[in-house]
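Okay, thanks for coming, everyone. Let me put the structure up and then we'll walk through a few spots together.

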Amino acid sequence: MKIKLFRLQTYIYFILLIMSCNNTTEKSKIDTEALKETSVETLRTVMQTQPEWVKVHAAEYLLWTGNPEGVRDVFLEENKQFETRSPYRIGIWRVLSQASVNNEDKKVWNDKIMQAFTDPEGNDRLHASETLAKLKISPFADYPEITKKTIESPVRSLSLYTRWSDAFITKDSLVAVRKSFFDLAVSNNEDIASRKLAIYVLRQLRDLSQKQWVILAGLALAEPEDSELKMSLINGAVILADENSTSSILYNQVFDELLGYEQVATKGVRGEIVAGLAEKGNPEDLPVLISLLRNANPIGQESNDADLQASAAYAILKIINRK
């Protein structure tokens, strides 16, 4: 009931917000302060009411946008209830690591994640390897043999996540890992799932050379419309464009391609659009995100819709803060 009431209130608010803007000045008249408050409230509501990984995402968005109030307390309680639930407990520890009050506190949660990764019979190794990479922690220094063996694992995602974490050993390793993932992303000889993951990793590592970016953007535009890889390539090219690239005709083409998928009603496609706008969107792109925030065209599954609403709220906050 609380969720439905909140959605109704949000819907009414945004109808009034958009009606207050005339057709020619709509984008410039959005009340960004009210929008910011509603976005933060949306994230808090999703964190409080949604299950597991949707809750994790909303909590991280709050932390990343400088709104940490309540996050740690919520996830300390989650840890009490679900400390043994795989793989959700990795998400709990990931949030608590980022919400830590000091280095000693952070070490407690990081050690739990590392223990899950180094347990050869553990059920959480995949999620732990991803989380270590996201937290920019390499297990190589303390567990070189386990790390090397895991990189050689036949489980491709486990291998790639662990390889990603190698980027945080030295500056040279960062360069080497970035190149290896770029080569994977643009290779026609690799499977689509691995290439998608490689593009995602590159989005986190950033700093492609101009030549690499042009290759990626060119591939994105050339990829067939019905390809499963199309949106990943387009969004990767948008997010990885540097300041010089964003003023180019090529960048405008890939950005327009990204927005061209706005009406596609799948979580994956909409998630890519939101991720791109979070990094490269401008105030004039806010109406697209407002529509997602108020769930104007729902997918139909509550947790998926809530996850997208949280992602849209995060993107809105990122754009407003950049402005």
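So, the lining of the largest pocket: H15 gives the largest share, nine residues. Helices here are DSSP runs of H or I with at least four residues, numbered from the N terminus. A pocket is worked out on a 1 Å grid over the protein atoms alone: it's an open set of points where a 1.4 Å probe fits, with protein on both sides within 12 Å along at least five of seven lines, and lining residues have an atom within 4 Å of a point. This pocket has a volume of about 1,600 Å³, meaning the space filled by probe spheres set on the points, which are joined across faces, edges and corners. There are 50 lining residues, and the closest to the centre are Tyr61, Lys134, Tyr200, Arg203 and Gln204.

Quick housekeeping. This is a predicted model, where local features need pLDDT of at least 70 and side-chain atom pairs count only at pLDDT 80 or more, while totals for chains, interfaces and linings use all residues. Residues are numbered from 1 along each chain as its sequence is written, and side-chain values use heavy atoms, with hydrogens and water left out.

Next, helix H11, residues 192–205. Which of its residues are buried (under 20% relative accessible area with a 1.4 Å probe, protein chains only; exposed is over 50%, partly exposed in between)? They're Ser194, Arg195, Leu197, Ala198, Ile199, Val201, Leu202, Arg203 and Leu205. Their cover includes helices H9, H10, H13 and H15, going by contact, which is heavy atoms within 4.5 Å. Just after H11, Arg206 has a positive phi of about 60°.

Asn295 sits in the loop between H16 and H17, with phi near 55°, and is buried at 17%. As for peptide bonds, the one joining Ser86 and Pro87 is cis, with omega about -5°. Pro87 lies in the loop between H4 and H5.

Last stop: H4 itself, residues 71–82, where we find Asn79. What does Asn79 touch, not counting residues up to four places away in sequence? The answer is Ile92, Trp93, Leu96 and Trp109. Asn79 is buried too, with a relative accessible area of 9%.

Notes. Helix = DSSP H or I, 4+ residues; strand = E, 2+ residues; numbered from the N terminus. Expected span 1.5 Å × (residues − 1).
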